[in-house]
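Subject: Structure handover

Hi,

Here is the structure for you to look over. Please open it alongside these notes.

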Amino acid sequence: MKTFTTILALASVLLINAQSEKTANIKITIENVLSEEGSVIASLHNEDTFLKSPGVKTAKEPAKKGEVTLLFENVSPGTYAILAIHDSNSNNSIDFDASGMPLESYGQTGDINPFGPPIFADAKFEVNGEDQEFRIRF
């Protein structure tokens, strides 16, 4: 009986902790999509995945001239940044010229670094359980 009570107490604590970590939805609207070729891809990153891997979540929609809206659902609390590209040739990555300049449109949350690649500190935002919306301009 003592073991059952201990297990029940532990389960209650775990349930309370799970309920206190409220997830959020993040809606992003990409502005200035110039063509209907390919798709618009956005990736949600933490500091460890930023510019190093696909990200913790990815959203993809067919490109549409003007604006495209994407949604990240059930995002856990934390610090994140969003990177977005117009993958006009559908190869699932951004293309660069020989000098390293992007050939496809891109954007991020926060401020763009005009002198080099995106910087996490410029793009980061906090998720605290409240739904959020961002506009990113290509």
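Predicted model: local features only at pLDDT ≥ 70, side-chain atom pairs only at ≥ 80, totals over all residues.

**Pocket**

The largest pocket has a volume of about 650 Å³. Its lining counts 27 residues. L51, L83, I85, I94 and F96 are the ones nearest the centre of that pocket. By class, 15 of the lining residues are nonpolar, 10 are polar and two are charged.

**Strand β2**

Seven of the seven residues of β2 are buried, so the strand is largely enclosed by the rest of the structure. S39, I41, S43 and H45 point one way from β2. V40, A42 and L44 point the other way. Both sets are buried.

What does β2 pair with? On β3, the count is six bridges, and the two strands run antiparallel. There, L44 has K57 of β3 as its bridge partner. On β5, the count is seven bridges, again with an antiparallel run.

**Aromatic pairs**

How many aromatic pairs does a search of the whole structure find? The search returns two.

Take F50 and F120 to begin with. Their ring centres lie 5.4 Å apart and their planes meet at 70°, so this pair is edge-to-face; the cut-off for that label is over 60 degrees. F50 is buried, with a relative accessible area of 6%. F120 is buried too, at 9%. Both values fall under the 20% cut-off for buried.

The other pair is F125 with F134. Here the ring centres are 4.4 Å apart and the planes are at 50°, so the pair is tilted. F125 and F134 are both buried.

Please send back any questions.

Best wishes

Notes: Residues numbered from 1 in each chain as written. Heavy atoms only, no water. 1 Å grid on protein atoms, 1.4 Å probe; cavity = no way out; pocket = protein on both sides within 12 Å on 5 of 7 lines; lining within 4 Å. Points joined across faces, edges and corners; volume = space filled by probe spheres on them. Nonpolar A, V, L, I, M, F, W, Y, C, P; charged D, E, K, R; others polar. Buried < 20%, exposed > 50% of the residue type's maximum accessible area, 1.4 Å probe, protein only. Helix = DSSP H or I, 4+ residues; strand = E, 2+ residues; numbered from the N terminus. Pairing = 2+ DSSP bridges. Phe/Tyr/Trp six-rings, centres within 6.5 Å; stacked < 30°, edge-to-face > 60°.
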